[in-house]
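Hi,

Here is the structure I promised to pass on.

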Amino acid sequence: MYKKALSLLLLCNLIILIGGICVYGIAGAEQAAGPALLLRLEEMEARAGEQGMWETSDGGVSGGIGIADVVVSEQRVVNYSVVEQRDYRFLEEDELEVLQRIVEAEAGNEDEDGKLLVANVVLNRVDSDRFPETVTEVVFQQSKGVTQFSPVASGRIYSVEVSEETIAAVERALAGEDISQGALYFAARKYASSSKMRWFDEKLTFLFRHGGHEFYK
């Protein structure tokens with residue numbers, strides 16, 4: 001009888017000991033997994049920042065890395081929305097300077113979006129089969145002896161001092177921001193000749209006005 005009771009007591013202690021080991025092991029695994037998941041989340045946030053702007057579930061701008069719902073604890077959940085990330089357009093130093101100078105010369109008195117629009121038009125032309133393939137060729141293109149951009153004809157393109165706002169606008173354009181609706185032409189009606197504006201009105205499709213410029217394609 002005594003031996004039976006002792007055996008039963010030992011068995012109960014063994015069960016309790018095994019149960020304690022299992023619970024301890026599970027808790028340890030959870031503690032180890034927490035920092036690992038947190039590290040992965042921080043890495044993903046860093047990657048998103050490197051790739052550009054991104055958007056959380058409650059709004060904002062995005063350049064995104066796709067959908068990644070990562071739960072680190074009961075409180076923290078981060079959501080990345082799916083968006084299309086455009087490739088950055090790299091220009092050689094001389095090409096970049098030409099783009100900055102024509103934007104400054106054409107839109108120096110415009111706001112930053114007005115400057116962005118001029119940069120968009122130049123880059124739209126580079127991408128179009130109807131125009132040359134480089135920024136420099138587009139800016140200095142002539143048709144029947146007439147330049148496409150008046151600051152080239154007047155020489156103003158060489159004398160302007162490029163502002164920080166122009167540099168920022170060009171950077172936005174190179175990063176893929178395009179608000180031009182595909183415009184390939186722009187004109188300042190206030191300063192253009194009536195014959196030139198007649199050609200714009202009759203031959204092109206009017207898109208919109210921004211500042212002192214009208215945009216066409």
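Predicted model: local features only at pLDDT ≥ 70, side-chain atom pairs only at ≥ 80, totals over all residues.

Residues are numbered from 1 along each chain as its sequence is written, and side-chain values use heavy atoms, with hydrogens and water left out.

**The sheet.** Three strands make an open sheet in the order β5-β7-β6, paired antiparallel. Helices (H or I, at least four residues) and strands (E, at least two) are DSSP runs numbered from the N terminus, and two strands pair if DSSP finds at least two bridges between them. At the edges sit β5 (185–187) and β6 (206–210), each pairing on one side only. On average, neighbouring strands here are turned by 25 degrees against each other, direction ignored; the axes are lines fitted to C-alpha atoms, for helices over the stretch in contact, and angles run from 0 to 180 degrees between N-to-C directions.

β6 and β7 (residues 213–216) are joined by four bridges. They form a hairpin with two residues between them, and G211 in the turn has a positive phi of about 60 degrees. Across the pair, F208 stands opposite F215, and R209 stands opposite E214.

The largest pocket holds about 950 Å³ of space. For the set-up: on a 1 Å grid over the protein atoms alone, a pocket is an open set of points where a 1.4 Å probe fits, with protein on both sides within 12 Å along at least five of seven lines, and lining residues have an atom within 4 Å of a point. The volume is the space filled by probe spheres set on the points, which are joined across faces, edges and corners.

Its lining has 35 residues, with Q148, S150, F186, A187 and K196 nearest the centre. Helix α8 (194–203) is among the elements that supply at least two lining residues each, and α8 gives the most, with four.

**One residue.** Which residues does N124 touch beyond its neighbours within four places in sequence? N124, in helix α3 (residues 112–127), is in contact (heavy atoms within 4.5 Å) with D178, S180, G182, A183 and L184.

Cheers
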